[in-house]
Amino acid sequence: KHATYFAKHAFKLDVSTVEGGLKIDIRETDKTVQTINYRYPEDYGAYSDTRETKCTLQDANFDEHKDLLIPLGLFGNQQLARYDCYVWDTAKAKFIHSPSFIEIANPTICKRQKCIFSSERSSRCFIRLFVVIPATEA
C-alpha cells in the first residue's frame, strides 16, 4: 500500500541557497508538499566552497521510498564526500531527518545488496572500507 502511495508521487526538488544553508521545496506538480529550511552543521561550515546545491532523491534505507540526500561537500586532503539525509516517513507523509547518515564517508548505496558501502583514506597507506547495513523495523 505504501509503495503504491509513493509511486503515485512524482516529487521534484526546488533548491535555493540561503545564508548558512539551503531552502528545499519538495513539490508534486505545482503543489509544495514540504519545505525544508536546511542549515549546514557547524562542523561542516568551513567547506562551503566545495558544496553543491544538487540534492537528490534516492532510496537510502531500502524501504522502496526515495529519500532526500543533501551534499555537504568534500573534506580533507582525500576529498571525502559527506551527505546529510532525510528519509521518507510513510506514516507522517513527509521527510524526516536521519542524523546518523552524515557519518558515512563516501556513501555508495547498493540497491541490489541492500547496503551502503563506505570508504575513507587518511593517508596513502591507510585505507578503511565499511559496509553499513540499515536497521530494519522489528
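Two strands count as paired if DSSP finds at least two bridges between them, and strands themselves are DSSP runs (E, at least two residues), numbered from the N terminus. These legends walk through a predicted model, in which local features need pLDDT of at least 70, side-chain atom pairs count only at pLDDT 80 or more, and totals for chains, interfaces and linings use all residues. Residues are numbered from 1 along each chain as its sequence is written, and side-chain values use heavy atoms, with hydrogens and water left out.

**View 1. The open sheet of 4 strands runs in the order β4-β5-β6-β7.**
The pairing here is antiparallel. At the edges you will find β4 (56-58) and β7 (94-97), each of which pairs on one side only. Neighbouring strands of this sheet are turned by 40° against each other on average, direction ignored; the axes behind such angles are lines fitted to C-alpha atoms, and angles run from 0 to 180 degrees between N-to-C directions.

**View 2. Strands β5 and β6 lie side by side in the antiparallel sense.**
Take a look at residues 67-75 (β5) and 80-89 (β6), which are joined over 7 bridges. Leu 68 faces Tyr 86 of β6 across the pair, and Ile 70 stands opposite Asp 84, also in β6. Strand β6 is mostly covered, with 8 of its 10 residues buried (buried means under 20% relative accessible area, using a 1.4 Å probe and protein chains only). As a reminder for following the side chains, in a regular strand they alternate between the two faces of the sheet.

The strands pair in the antiparallel sense over 4 bridges. Here, Val 87 is found opposite Ile 96 in β7.

**View 3. Strands β1 and β2 form a hairpin.**
β1 covers residues 11-18 and β2 covers residues 21-28, and their antiparallel pairing extends over 8 bridges. Pick out Lys 12, whose bridge partner in β2 is Arg 27. The turn is made with 2 residues between the strands, and Gly 20 there has a positive phi of about 80°.

**View 4. β2 forms a hairpin with β3.**
Strand β3 (residues 31-39) pairs with β2 over 8 bridges, in the antiparallel sense. Leu 22 stands across from Tyr 38 in β3. With 2 residues between the strands, the turn includes Thr 29, which has a positive phi of about 55°.

Terms used. Buried < 20%, exposed > 50% of the residue type's maximum accessible area, 1.4 Å probe, protein only.
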